[in-house]
Amino acid sequence: MITANEWIEKLKLIPHPEGGYFNEVYRSEEKIKRSGLPQRYEAERNMGTSIYFLLESGQKSFLHKLQSDETWHFYYGCPLKLYIILPNGKRRKIMLGNNIYNGEVLQYTIPKFSWFGAKPKESDSYSLIGCSVYPGFDFEDFELGEREELLKLYPEYENIIKQLTK
C-alpha cells in the first residue's frame, strides 16, 4: 500500500485550513459573471474547481459549509466517514469507500448550506479523496463551524459536533 507521505509528496499536498492536506488540481479558466449566478454569490466565480484531499488517521475535516454543492470522490486508502447536517437539521452519515457491497459509495454530493466534516474510518491508515465544486470554490463561500454556535443550533448532534470542531 502506498503511504500517506508518498501521496503527500507525489501530489504536492499542503496543510488545509479545515484539516488534512490538499492540492488544487483544477480551476476552470472560464468564469461565470456575477449576473449569471444566484444572488448569494457576491462576485464572479470560476465554472468549476477540484482538489485532491488526504486525511490521515487522527485528522479530521472540521465541520464547515459552502454556498455551493460539493462532490467528494473516493480514490484510495481506508473508507472515510462523512458527517452532514442538512439545512433542514437532519443528519446524514455517508461512508465513502470502494466496498459497494458494504454500503460504501464512491462519490457523494453534499448539498449547499449543509454543515459537513469527515474522518478516516480506520486507525493507522488514511483516506485519499477528491472534491469538486461548481461553481468553483472560493474562500468567500466557506464558513468554518464554531463549536458553541453549532451546539446551540443542533444540541442533538453534540457528540459529532464536539468531535469535528476545534
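## F22, F53 and the strands around them

In this predicted model, F22 sits across from F53 in β5. The two strands involved, β2 and β5 (residues 49–56), run antiparallel and are held together by six bridges.

## The open sheet

Zooming out, these strands belong to an open sheet of six, ordered β1-β2-β5-β12-β7-β10, with antiparallel pairing. Its edges are β1 (14–15) and β10 (107–110), each of which pairs on one side only.

Over at the β10 end, the neighbour is β7 (residues 69–77), running antiparallel to β10 and joined to it by four bridges. Here H73 faces Q107 in β10.

Back on β2 (residues 21–27), we find V25. With a relative accessible area of 43%, V25 is partly exposed. Together with Y26 and Y134, V25 makes up a nonpolar surface patch of about 310 Å².

The model has nine aromatic pairs, and ring pairs tie W7, Y76 and Y126 into a cluster.

R40 is found in the loop between β3 (31–32) and β4 (45–46). Its relative accessible area is 28%, so R40 is partly exposed. Setting aside neighbours within four places in sequence, R40 touches Q67, K112 and F113. Take Q67: R40 and Q67 are 27 residues apart along the chain, yet their C-alpha atoms are 7.5 Å apart in space.

K31 is in strand β3 and E44 in the loop between β3 and β4, which puts them 13 residues apart. Both ends are partly exposed, K31 at 44% relative accessibility and E44 at 41%.

The bridge between R45 and D141 has its closest N and O atoms 2.8 Å apart. R45 comes from strand β4 and D141 from the loop between β12 (126–134) and β13 (142–144), so this pair ties together parts of the chain 96 residues apart in sequence. Are these two buried or exposed? R45 is buried, with a relative accessible area of 5%, and D141 is buried too, at 6%.

What pairs up with K162? That would be E158, with a closest N to O distance of 2.7 Å. Both residues lie in helix α3 (residues 158–163), and because they are four residues apart, about one helical turn separates them. K162 is partly exposed at 40% relative accessibility, and E158 is partly exposed at 38%. Elsewhere, R45 and D141 turn up again: salt bridges with shared partners join R45, D138 and D141 into one network.

Note on methods: Residues are numbered from 1 along each chain as its sequence is written. This is a predicted model: local features need pLDDT of at least 70, side-chain atom pairs count only at pLDDT 80 or more; totals for chains, interfaces and linings use all residues. Side-chain values use heavy atoms; hydrogens and water are left out. Rings of Phe, Tyr and Trp (its six-membered ring) pair if their centres lie within 6.5 Å; planes under 30 degrees apart count as stacked, over 60 as edge-to-face and the rest as tilted. Patches are made of residues with over 30% relative accessible area and no salt bridge: like charges are joined within 9 Å, nonpolar side chains (Val, Leu, Ile, Met, Phe, Trp, Tyr) within 5 Å. Accessible areas come from the Shrake-Rupley method with a 1.4 Å probe; for residues, only the protein chains shown count as cover. A salt bridge is a side-chain nitrogen of Lys or Arg within 4 Å of a carboxyl oxygen of Asp or Glu. Buried means under 20% relative accessible area, exposed over 50%, partly exposed in between (1.4 Å probe, protein chains only). Two strands pair if DSSP finds at least two bridges between them. Contact means heavy atoms within 4.5 Å.
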